[in-house]
Amino acid sequence: MREKEERELDIQYLKTMIYYAEQVKERLLFAQNHNLSVNDDMVIESVALLLGQIGEQLDSKKLSPELQQKYQGNPIDFSSISKFRNKAYHHYGSMNSKGILKAAMGMDELIEQINYIIRKERLMHDF
């Protein structure tokens with residue numbers, strides 16, 4: 001069984017994922033409020049980097065593999081998030097704006113799913 005400190009770290013990394021998901025939403029709202037197209041290169045690039053930061057939290061030195069395995073596919077597909085991160089950071093030129101925007105439109109659902117995991121972990125471990 002994992003130590004309490006490790007569980008607390010997992011919750012902090014999950015909260016960091018929420019932070020970046022909120023930043024994606026804010027970036028899109030900023031573009032809209034300033035009459036920038038969501039297809040503007042600057043908007044797409046900044047959103048892609050923020051999405052990549054969500055995936056960055058899945059590094060095994062951050063969010064524990066145990067927690068990722070426990071919730072893989074139910075409710076979150078951590079594997080897809082990690083693959084997106086790799087593509088955003090290492091193969092950016094092969095990404096298209098439609099894929100980036102599609103991922104960006106899922107932030108409310110992702111935030112809800114992460115909050116579900118946080119609540120469940122806290123209830124299970126009496127934080």
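These are my notebook entries on a predicted protein model.

**Ground rules.** I number residues from 1 along each chain as its sequence is written. Because this is a predicted model, I take local features only at pLDDT of at least 70 and side-chain atom pairs only at pLDDT 80 or more, while totals for chains, interfaces and linings use all residues.

**Confidence.** I looked up pLDDT, the predictor's confidence in each residue, from 0 to 100. The protein chain averages 91, and 94% of the residues score at least 70. Helices here are DSSP runs (H or I, at least four residues), numbered from the N terminus.

**Helix 1 and helix 2.** I found that helix 1 and helix 2 (residues 41-56) pack at about 170 degrees, with axes 8 Å apart. Axes are lines fitted to C-alpha atoms over the stretch in contact, and angles run from 0 to 180 degrees between N-to-C directions. The two helices are therefore roughly antiparallel (an angle over 145 degrees).

**The loops.** I checked Asn35, in the loop between helix 1 and helix 2, and its phi is near 55 degrees, a positive value in a residue other than glycine. Next came Pro75, in the loop between helix 3 (65-71) and helix 4. The peptide bond from Asn74 to Pro75 is cis, with omega near 15 degrees. I remind myself that most peptide bonds are trans.

**The largest pocket.** I noted a volume of about 340 Å³ for the largest pocket. A pocket is an open set of points on a 1 Å grid where a 1.4 Å probe fits, with protein on both sides within 12 Å along at least five of seven lines; lining residues have an atom within 4 Å of a point. Of its 15 lining residues, Ile81, Ala103, Gly106, Met107 and Leu110 are the closest to the centre. Helix 6 (107-125) gives the largest share of the lining, four residues.

Technical notes. Side-chain values use heavy atoms; hydrogens and water are left out. Angles under 35 degrees count as roughly parallel, over 145 as roughly antiparallel, 65 to 115 as roughly perpendicular and the rest as oblique. Grid points are joined across faces, edges and corners, and a volume is the space filled by probe spheres set on the points.
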